[in-house]
Amino acid sequence: MKYLGLDIGGSKIAAVVMDEQGHEWKRFRVETRKQTRQQFIATLVALITTIGDELAQPLAIGIALPGSISPQTSKIRNANIQVINGCRLQDELEQRLGQPGRLFLHRVAKLHPPLAAIPQQQLEAGQIQRRADDENLTD
């Protein structure tokens, strides 16, 4: 199993793929396209698909993004990328990628180490989301 960590920023999306021991396999970087929600999601889907095709093996995906995720609705709120506010990004991506249960969003106030380095058991247990909700982080 490999882990993909995406750091979504206002101008770029940085990605890193790591193995189960935390060794870096490869880094990627693309411009954040954010004129519309569809454009933003299409950019993420294209990046994840390209990486998945190159890797050719199962991939757990963690996404760090600005703003917060409502524990009641799972919608993104207060993001500096306006087009994703009100979006259930995890649902949208899981549907388009056909990877239910392999994608985890995490709200960040500043740059954190890649989510890909988090052990699979924590990702699958949803501890990343709960931790963000429990801490009730704000900008």
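This is a predicted model: local features need pLDDT of at least 70, side-chain atom pairs count only at pLDDT 80 or more; totals for chains, interfaces and linings use all residues.

Asp-19 is buried and yet has no salt bridge. The nearest side chain of opposite charge belongs to Lys-2, at 4.9 Å. A salt bridge would require a side-chain nitrogen of Lys or Arg within 4 Å of a carboxyl oxygen. What does the side chain of Asp-19 reach? It reaches the backbone nitrogen of Gln-21, at 2.9 Å. Setting aside neighbours within four places in sequence, Asp-19 is in contact with Met-1, Lys-2 and Tyr-3.

E2 covers residues 12-18 and E3 covers residues 24-31, and they pair in the antiparallel sense over seven bridges. Within that pairing, Val-16 has Arg-27 of E3 as its bridge partner. The strands E2 and E3 form a hairpin with five residues between them. In the turn, Gly-22 has a positive phi of about 85°.

E2 also has a partner in E1. These two strands run antiparallel and are joined by six bridges, and a hairpin links E1 to E2 through three residues. Ile-8, for example, has Ile-13 in E2 as its bridge partner.

How many residues of strand E1 are buried? Seven of the seven, residues 2-8, are buried, so the strand is largely enclosed by the rest of the structure. In a regular strand, side chains alternate between the two faces of the sheet. In E1, Lys-2, Leu-4, Leu-6 and Ile-8 point one way, while Tyr-3, Gly-5 and Asp-7 point the other way, and all are buried.

Beyond E3 we come to Thr-32, in the loop between E3 and H1. Thr-32 counts as buried because its relative accessibility is 5%, and the cut-off for buried is under 20%. Its side chain reaches the backbone oxygen of Gly-9 at 2.8 Å. Apart from neighbours within four places in sequence, the contacts of Thr-32 include Gly-10, Ile-13, Phe-40 and Ile-81.

I turn now to the helices. Ile-41 belongs to helix H1, residues 37-55, and at 1% relative accessibility it counts as buried. Not counting residues up to four places away in sequence, Ile-41 touches Cys-87, Leu-89, Glu-92, Leu-93 and Arg-96. Ile-41 and Leu-89 are 48 residues apart along the chain, with their C-alpha atoms separated by 8.0 Å.

Leu-89 leads us to helix H2, residues 89-97, whose buried residues are Leu-89, Leu-93, Glu-94 and Leu-97. Viewed down the axis of H2, these buried residues fall within an arc of 125°, so they line one face of the helix. Just after H2, Gly-98 takes a positive phi of about 65°.

Finally, the protein as a whole. Its secondary structure amounts to four helices and seven strands, and along the sequence the pattern reads β-β-β-α-β-β-β-α-β-α-α. Of the 139 residues, 45% are buried. Among contacts between residues at least 6 apart in sequence, 54% join residues at least 24 apart.

Notes
Residues are numbered from 1 along each chain as its sequence is written. Side-chain values use heavy atoms; hydrogens and water are left out. Two strands pair if DSSP finds at least two bridges between them. Buried means under 20% relative accessible area, exposed over 50%, partly exposed in between (1.4 Å probe, protein chains only). Contact means heavy atoms within 4.5 Å. Lys and Arg count as positive and Asp and Glu as negative; His and the chain ends are not counted. A polar contact is a pair of N or O atoms within 3.5 Å; within protein, one must be able to donate a hydrogen and the other to accept it, and residues adjacent in sequence count only if both atoms are side-chain atoms. The arc is that of the directions from the helix axis to the C-beta atoms.
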